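Thanks for coming. I will go through a few helices and strands, and then stop.

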Amino acid sequence: MAYEVKAGSVEWNPTAARLRELTEKMPNSQVTEFGNVVVKARVDSRSAKSTYIVDDSTNTTKQTITRAEYDRVAAAQDEYLAGRDVVVVDGYIGSDPGFRTRARLVIEASNANIAGMQKQLYYPVDADYEPATWDPDTTVVYTPNLPMEGYPNDRLIAVDLNADITRVFNSDYFGESKKGGLRMWNNIVYGRGGLSLHAGCKVIPVGGENKTVLIVGLSGTGKTTTTFTTQLGSKPVQDDFIALMPQGRVYTTENGCFAKTFGLDPEFEPTIYHATVKPDAYLENVSVDADGKVDFFDTSYTKNGRTTWPFKYVDPWPADKVEPAEFLLILNRNENIVPGVARLDRAQAAAYFMLGETTGTSAGGKDEEGKFLRVPGTNPFFPRDMADMGNRMLELLDSHEMKVFVLNTGRVGGGEGDDRAKKVKIPHSSAIVQAIVEGTIEWEDDPDFGYEIASSVPGIDDIEILQPRRLYERQGRMEEYDAMVERLKAERREYLSSFAGLDEAIVKSIG
């Protein structure tokens with residue numbers, strides 16, 4: 001049964017122009033030099049510590065609340081909304097008529113920017129749409145101005161996977177709307193026999209064939225950048241979430257992009273930059289002075305500035321003409337001994353997918369930024385037991401051959417500020433992606449981790465980016481390197497072994 005919207009007043013599926021009008025009335029909004037609107041939110045990142053799933057709606061053992069507690073907070077939210085003005089945005093997650101899911105956002109009209117941003121990401125409703133007959137598969141009920149005492153920062157994201165309703169309290173960060181719908185969609189896709197991937201997707205023309213490439217990575221690791229960087233006339237399909245189904249079939253989720261803006265430079269990321277400065281893009285927590293001048297490099301408030309805009313701005317590859325996935329790239333924003341690229345066998349692919357290693361960024365808030373993380377599948381929005389994710393990935397790899405690689409999008413030899421280290425730059429990563437799809441990388445076995453590493457990549461003349469061992473050897477740091485190898489292998493085996501029910505082949509693939 002659909003969630004019944006009861007409020008002081010309701011605007012059903014307002015136009016983009018109406019949502020922009022409401023946004024400009026917000027006291028924390030401002031029109032920028034580009035003619036688009038920016039909002040400075042109270043909350044500047046996702047609230048993972050405040051996110052709970054109803055315990056009888058999932059098999060996860062992490063951070064749950066009881067059904068009785070969910071019913072209590074739901075009643076409090078419904079009572080609050082009864083006296084408030086709200087807007088309702090309806091649309092689809094996904095474009096394929098045979099696969100898409102109906103989605104709904106219910107939110108206080110005082111935070112219309114969230115509704116405007118979400119409208120850009122939903123695929124639009126059909127011409128015969130009627131609110132009264134729209135029966136959503138997922139619903140996000142969002143009250144940014146209602147605290148929920150007793151939870152971290154008086155903030156709560158409560159997820160009921162039985163009814164596919166997510167309730168958000170006391171956060172005005174847009175990501176809770178976007179991820180709220182996609183978290184529930186994760187569960188729906190799993191039930192259909194596939195796996196949702198926190199991944200970009202692009203199509204690269206190679207020798208008369210169109211190669212589909214999936215790019216998995218935690219927010220801030222370069223997933224969107226890698227997706228939009230052009231190789232051989234490539235075009236993006238999706239930048240954040242896709243469904244991977246048996247036989248490598250790929251389905252999209254969103255009709256727009258939600259991109260980080262920190263350090264946005266037209267020289268290195270022209271596609272994202274030129275979409276971001278269009279008049280109807282939305283900006284969130286991006287630095288703007290009193291005259292509306294935007295500074296993408298100012299981090300005095302947060303590094304996690306964001307933007308949304310319609311995908312049509314970047315001339316995407318048609319979502320209904322995507323060939324089965326041939327390549328899967330697992331991004332790891334590392335700072336030590338992970339090579340620029342490593343090639344994995346089937347079991348290793350599932351293992352490194354489950355390891356989900358990276359250095360945290362501002363996207364995960366101050367608790368994650370700069371810290372070494374392991375997030376299975378780089379997907380913190382998977383609402384089930386994590387072993388389900390790894391086992392399903394192994395099944396999907398068995399149903400369709402994909403070539404799988406780990407790419408380091410960070411540094412080798414040390415962190416930022418360490419003059420012994422080298423940065424893996426965007427041109428390095430772009431050259432690696434092009435060489436992967438063209439098959440021009442020369443490979444050799446890595447003696448430490450058992451995967452294959454590159455001995456040469458066209459366009460990269462620094463072997464130490466490709467083989468960090470050589471950097472450590474040249475700098476007389478082999479004792480440090482060897483200790484790190486043993487520590488990483490032991491930690492990885494221990495981590496993978498912690499997932500009860502995970503296929504043994506995945507655990508044993510770590511040397």
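In H3, the buried residues are Ala112, Asn113, Ile114, Ala115, Gly116, Met117, Gln118, Gln120 and Leu121; buried means under 20% relative accessible area, with a 1.4 Å probe and protein chains only. That is nine of the 10 residues of H3, a helix that is mostly covered. Helices here are DSSP runs of H or I with at least four residues, and strands are E runs of at least two, numbered from the N terminus.

This is a predicted model, where local features need pLDDT of at least 70, side-chain atom pairs count only at pLDDT 80 or more, and totals for chains, interfaces and linings use all residues. Residues are numbered from 1 along each chain as its sequence is written, and side-chain values use heavy atoms, leaving out hydrogens and water.

Which helix meets H3? The axes of helix H1 (residues 16-24) and helix H3 (residues 112-121) come within 8 Å and cross at roughly 150°. Axes are lines fitted to C-alpha atoms, for helices over the stretch in contact, and angles run from 0 to 180 degrees between N-to-C directions. So H1 is roughly antiparallel to H3, a label for angles over 145 degrees. From H1, Ala16, Leu19, Leu22 and Thr23 make the contact, and from H3, Ala112, Asn113, Ala115, Gly116 and Lys119; contact means heavy atoms within 4.5 Å.

Now the sheet. Three strands form an open sheet in the order E11-E15-E16, with antiparallel pairing; strands pair if DSSP finds at least two bridges between them. At the edges are strand E11 (195-197) and strand E16 (250-252).

Definitions and conventions
Parallel < 35°, antiparallel > 145°, perpendicular 65-115°, else oblique. Buried < 20%, exposed > 50% of the residue type's maximum accessible area, 1.4 Å probe, protein only.
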